[in-house]
Amino acid sequence: MEFPFDVDALLPERITVLDQHLRPPARRPGTTTPARVDLQQQIMTIVDELGKASAKAQNLPAPITSASRMQSNRHVIYVLKDISARPAGKGAIIGFLKVGYKKLFVLDDREAHNEVEPLCILDFYIHESLQRHGHGRELFQYMLQKERVEPHQLAIDRPSQKLLKFLNKHYNLETTVPQVNNFVIFEGFFAHQHRPPAPSLRATRHSRAAAVDPTPAAPARKLPPKRVEGDIKPYSSSDREFLKVAVEPPWPLNRAPRRATPPAHPTPRSSSLGNSPERGPLRPFVPEQELLRSLRLCPPHPTARLLLATDPGGSPAQRRRTSSLPRSDESRY
């Protein structure tokens with residue numbers, strides 16, 4: 001791919017690594033560029049044009065690689081430059097490879113979900129006129145050495161048939177593990193850091209570490225014996241005996257007759273924890289007429305008789321009633 005600016009001066013190395021900042025790499029000594037030229041803008045133009053060419057080659061509706069996407073994600077793009085052909089002395093771009101780490105939920109060979117964060121192949125493109133010349137393998141191998149990963153540890157985002165054939169031809173990646181998302185992983189993906197050790201291996205590892213480590217373990221701390229708890233009583237025996245005694249109502253309520261037969265529907269007891277003790281039966285409520293009749297028949301207190309006798313304003317009926325009492329009743333007071 002050709003550009004209207006000097007690509008050879010902008011990207012001095014054959015393979016240039018660009019991060020999310022899209023800063024121009026250090027130029028070779030002796031190379032001069034006018035100060036008014038924005039080098040970062042030229043790099044953004046290269047990234048945008050490479051993304052459009054890749055989307056067109058894969059029949060995608062929109063580019064998945066652009067300068068704006070690079071600035072908003074922590075991805076890395078490897079740009080391969082053609083150093084042999086120099087049309088008009090400006091250089092050309094062969095292709096690029098975009099990678100990045102992503103958190104994924106993938107299925108293993110036992111169909112168990114695993115949360116991993118592998119290095120993912122996000123976009124890969126070599127110009128159509130320069131394919132099958134070893135440029136793709138050169139770029140891919142440089143990325144593996146730079147990122148220090150193995151081919152079977154990669155996750156590929158929506159790979160094309162050309163990319164799958166490329167991986168099978170150069171890295172013997174053929175058997176895939178079925179997934180429910182758009183990423184493709186190959187057999188051996190969980191062989192290293194992606195799968196946690198089995199319980200048996202973990203126990204063996206701890207036992208070996210204990211055998212090798214001569215440091216004595218800290219003594220175990222003895223806990224005091226557990227206190228035996230008895231039955232919880234809601235109240236003491238003295239309280240129970242006191243509550244069982246029926247409280248005598250005041251006079252004249254205590255003169256009401258007792259109910260001969262028990263009620264047809266007994267009073268429901270409390271359903272709370274710890275039933276209340278049984279109380280003695282209380283006397284029924286005295287009607288108002290019976291209470292007034294008892295008050296009329298009640299003999300007056302001696303103090304009241306004395307007050308009525310000495311009170312000149314007392315009613316004649318009251319004095320007549322007190323004077324008509326039998327002498328035998330008066331002698332009792």
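My entries below go from the cores to one serine, and then to the charged pairs.

**Ground rules.** I'm working with a predicted model, where local features need pLDDT of at least 70, side-chain atom pairs count only at pLDDT 80 or more, and totals for chains, interfaces and linings use all residues. Residues are numbered from 1 along each chain as its sequence is written, and side-chain values use heavy atoms, with hydrogens and water left out.

**Entry 1: the cores.** I looked up nonpolar cores, meaning sets of buried Ala, Val, Leu, Ile, Met, Phe, Trp, Tyr and Cys residues joined through side-chain atoms within 4.5 Å. For burial I use relative accessible area: buried is under 20%, exposed is over 50%, and partly exposed is in between (1.4 Å probe, protein chains only). The largest core holds 24 residues, and Leu97, Phe140, Met143 and Leu167 have the most contacts inside it. Among the elements giving it two or more residues are strand 3 (92-101), helix 4 (135-147) and helix 5 (161-171). I take helices and strands as DSSP runs, numbered from the N terminus (helices: H or I, at least four residues; strands: E, at least two).

Next I picked Leu167 and listed its contacts (heavy atoms within 4.5 Å). Leaving out residues up to four places away in sequence, Leu167 touches Phe140, Ile156, Asn172, Leu173 and Phe186. There is also a second, separate core of 21 residues, and Leu10, Leu50, Ala67 and Phe96 are among its members.

**Entry 2: Ser66.** I found Ser66 in the loop between helix 2 (39-57) and helix 3 (67-72). Is Ser66 buried or exposed? Its relative accessibility is 15%, so Ser66 counts as buried. Asp48 is 18 residues away from Ser66 in sequence, yet their C-alpha atoms are 4.7 Å apart. Beyond its neighbours within four places in sequence, Ser66 is in contact with Val47 and Asp48.

I then checked polar contacts: pairs of N or O atoms within 3.5 Å where, within protein, one must be able to donate a hydrogen and the other to accept it, and residues adjacent in sequence count only if both atoms are side-chain atoms. The side chains of Ser66 and Ser68 make one at 3.2 Å. A polar atom of the Ser66 side chain also lies 3.3 Å from the backbone nitrogen of Arg69.

**Entry 3: salt bridges.** I looked for a side-chain nitrogen of Lys or Arg within 4 Å of a carboxyl oxygen of Asp or Glu. How many salt bridges does the structure hold? It holds five.

One of them joins Lys81 and Asp8, with the closest N and O atoms 2.7 Å apart. Lys81 is in strand 2 and Asp8 in helix 1 (residues 7-10), so this pair ties together parts 73 residues apart in sequence. Both Lys81 and Asp8 are buried.

Another pairs Glu138 with Arg14 at 2.8 Å between the closest N and O atoms. Glu138 sits in helix 4 and Arg14 in the loop between helix 1 and strand 1 (15-18), so the parts tied together are 124 residues apart in sequence. Glu138 is partly exposed at 31% relative accessibility, and Arg14 is partly exposed at 23%.

**Entry 4: Asp82.** I ended in strand 2, with Asp82. Asp82 is buried but has no salt bridge, and the nearest side chain of opposite charge, Arg14, is 4.9 Å away. I count Lys and Arg as positive and Asp and Glu as negative, leaving out His and the chain ends.
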